[in-house]
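Q: I have a structure open and I'd like to walk through it. Can we go step by step?

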Amino acid sequence: MAALTMGLAEAKNNFSRVTAEVNRTGRSVTILKNNKPWVVIQPARSSSSATDVAVDFMDEYADVFEELAK
């Protein structure tokens, strides 16, 4: 699953729409400032266990772990 990114101006101009989409899909969006990651908008989770956090982290960075394993 590809990471979602957008520029700061676009996020500012469409903030309500962006946050609604993040909440609906559960996918976070990285906001870029000067083409560099600046902040991440992610859905609030009412109750996340340490296992859920670890699994999400592993899923998000699976490509990095695969590269390191070579």
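What follows is a short chat about this structure, from the overall fold down to single residues.

Q: What kind of model is this?
A: This is a predicted model.

Q: OK. How many helices and strands does the protein have?
A: It has 4 helices and 3 strands.

Q: In what order do the elements run from the N terminus on?
A: The order is β-α-α-β-β-α-α.

Q: What does the C-alpha trace span along its principal axes?
A: The spans are about 40 × 30 × 15 Å.

Q: And what radius of gyration does the protein have?
A: The protein has 14 Å. A compact globule of 70 residues would have a value near 11 Å.

Q: How much of the protein counts as buried?
A: Of the 70 residues, 13% count as buried.

Q: What share of the contacts comes from residues 24 or more positions apart?
A: They account for 34%, counting contacts with a separation of 6 or more.

Q: Let's zoom in on the strands. Where is Leu 4?
A: Leu 4 is in strand S1, which covers residues 4-7. Its relative accessible area is 32%, so Leu 4 is partly exposed.

Q: Which residues does Leu 4 contact, leaving aside neighbours within four places in sequence?
A: Leu 4 is in contact with Arg 27, Ser 28, Val 29 and Thr 30.

Q: How far is Leu 4 from Ser 28 in space?
A: They are 6.9 Å apart, C-alpha to C-alpha. In sequence, Leu 4 and Ser 28 are 24 residues apart.

Q: Is Thr 30 buried or exposed?
A: Thr 30 is buried. Its relative accessible area is 18%, and buried means under 20%.

Q: What does Thr 30 touch, not counting residues up to four places away?
A: Thr 30 touches Leu 4, Thr 5, Met 6, Pro 37, Val 39 and Val 40.

Q: What is phi for Asn 34?
A: Phi of Asn 34 is near 55°. That is a positive value in a residue other than glycine.

Q: Why point that out?
A: Because most residues other than glycine have a negative phi.

Q: And what is phi for Asn 35?
A: Asn 35 has a positive phi of about 60°, although it is not a glycine.

Q: Is Asn 34 buried or exposed?
A: Asn 34 is exposed, at 68% relative accessible area. Asn 35 counts as exposed as well, at 73% relative accessibility.

Q: Switching to helices. At what angle do H3 and H4 pack?
A: The angle is about 70°. Helix H3 covers residues 50-60, and helix H4 covers residues 62-69. Their axes are 4 Å apart.

Q: What do we call an arrangement like that?
A: H3 and H4 are roughly perpendicular to each other, because angles of 65 to 115 degrees count that way.

Q: Which residues make the contact?
A: From H3, they are Phe 57, Met 58, Asp 59 and Glu 60. From H4, they are Ala 62, Asp 63 and Phe 65.

Q: Take Asp 59 in helix H3. Is Asp 59 buried or exposed?
A: Asp 59 counts as exposed, at 56% relative accessibility.

Q: How far is Asp 59 from Ala 11?
A: Their C-alpha atoms are separated by 25 Å. Along the chain, Asp 59 and Ala 11 are 48 residues apart.

Q: Last one. Where is Tyr 61?
A: Tyr 61 is in the loop between H3 and H4. With a relative accessible area of 35%, Tyr 61 is partly exposed.

Technical notes: Residues are numbered from 1 along each chain as its sequence is written. This is a predicted model: local features need pLDDT of at least 70, side-chain atom pairs count only at pLDDT 80 or more; totals for chains, interfaces and linings use all residues. Side-chain values use heavy atoms; hydrogens and water are left out. Axes are lines fitted to C-alpha atoms, for helices over the stretch in contact, and angles run from 0 to 180 degrees between N-to-C directions. Helices (H or I, at least four residues) and strands (E, at least two) are DSSP runs, numbered from the N terminus. Angles under 35 degrees count as roughly parallel, over 145 as roughly antiparallel, 65 to 115 as roughly perpendicular and the rest as oblique. Contact means heavy atoms within 4.5 Å. The radius of gyration is taken over C-alpha atoms; the globule rule is 2.2 Å times the number of residues to the power 0.38. Buried means under 20% relative accessible area, exposed over 50%, partly exposed in between (1.4 Å probe, protein chains only).
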